[in-house]
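Okay, everyone, thanks for coming.

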Amino acid sequence: MSIANYVGYEVEKEEDDNIDEAPPTDPLWEKQQKTTFTAWCNSHLRKVNENIDDIYMDFRDGTRLLKLLEVISNEKLPPPEKGRMKVHKISNVQRALDFVKTKKVNLIGIGAEEIVDGNKKMTLGMTWTIILRFAIQEITIEDLSAKEGLLLWCQRRTAGYKNVNVKN
């Protein structure tokens, strides 16, 4: 599955790129992403005695999403709104999305209301974008950017396979 399939992740296309733009529909793929992203979030949230069980449900009110962003950014964010109405949840998620945008991250097509409504694709896309910004971008391999380093790693790991030529 291509990284381009996550909503909110921009890929600069070259003329000869054949990036599959179709949304992920494979239930196994979705379950793997949900499990992986939940584990990543919990690895950070446990530092403040928090956790999530269902990434689609537990980010809907924005409180744990804001807490996650505080932990991974080492910055203090304003406290979430305490109300339980949808308007309070949207406000909390919007605060989180606005914070991510201040880190120069484009959240193309991801809105607070979709997260509050439990939209799976949007929630996975948002989470991947957060992981990319706060974890993967910090990785460097041999003075390469995270993207270049990941490409180099993939090329090295697949070098012995016939008919495998990782280019992007």
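**Salt bridges, a helix and a core**

Let's start with Asp-54, which is partly exposed because its relative accessible area is 23%; for these labels, buried is under 20% relative accessible area, exposed is over 50%, and partly exposed is in between, with a 1.4 Å probe and protein chains only. Quick housekeeping: this is a predicted model, where local features need pLDDT of at least 70 and side-chain atom pairs count only at pLDDT 80 or more, while totals for chains, interfaces and linings use all residues. Numbering runs from 1 along each chain as its sequence is written, and side-chain values use heavy atoms, with hydrogens and water left out.

So who does Asp-54 pair with? Its side chain meets that of Lys-34 in a salt bridge, 3.5 Å from N to O; the term means a side-chain nitrogen of Lys or Arg within 4 Å of a carboxyl oxygen of Asp or Glu. The two sit 20 residues apart, Lys-34 in helix H1 and Asp-54 in the loop between H1 and H2. Helices here are DSSP runs (H or I, at least four residues), numbered from the N terminus. Lys-34 is partly exposed too, at 23% relative accessibility.

There are nine salt bridges in the structure. Another one joins Lys-103 and Glu-75, at 2.4 Å from N to O. That pair also links distant parts of the chain: Lys-103 is in the loop between H4 and H5, Glu-75 in the loop between H3 and H4, 28 residues apart. Then there's Glu-70 with Lys-76, closest N and O atoms 3.8 Å apart. Glu-70 counts as buried at 13% relative accessibility, whereas Lys-76 is exposed at 73%.

Now helix H4, residues 86-102. Its buried residues are Asn-92, Val-93, Ala-96, Leu-97, Phe-99 and Val-100. They lie on the same side of H4 because they cover an arc of only 155° around the axis, taken from the directions from the helix axis to the C-beta atoms. On the other side, Val-87 and Thr-102 are exposed. The buried set packs against helices H3, H5 and H6, contact being heavy atoms within 4.5 Å.

Last, the core. The largest nonpolar core has 34 residues, and Phe-59, Leu-69, Met-126 and Ile-130 touch the most other members. Such a core is a set of buried Ala, Val, Leu, Ile, Met, Phe, Trp, Tyr and Cys residues joined through side-chain atoms within 4.5 Å. H6 gives the largest share, eight residues.
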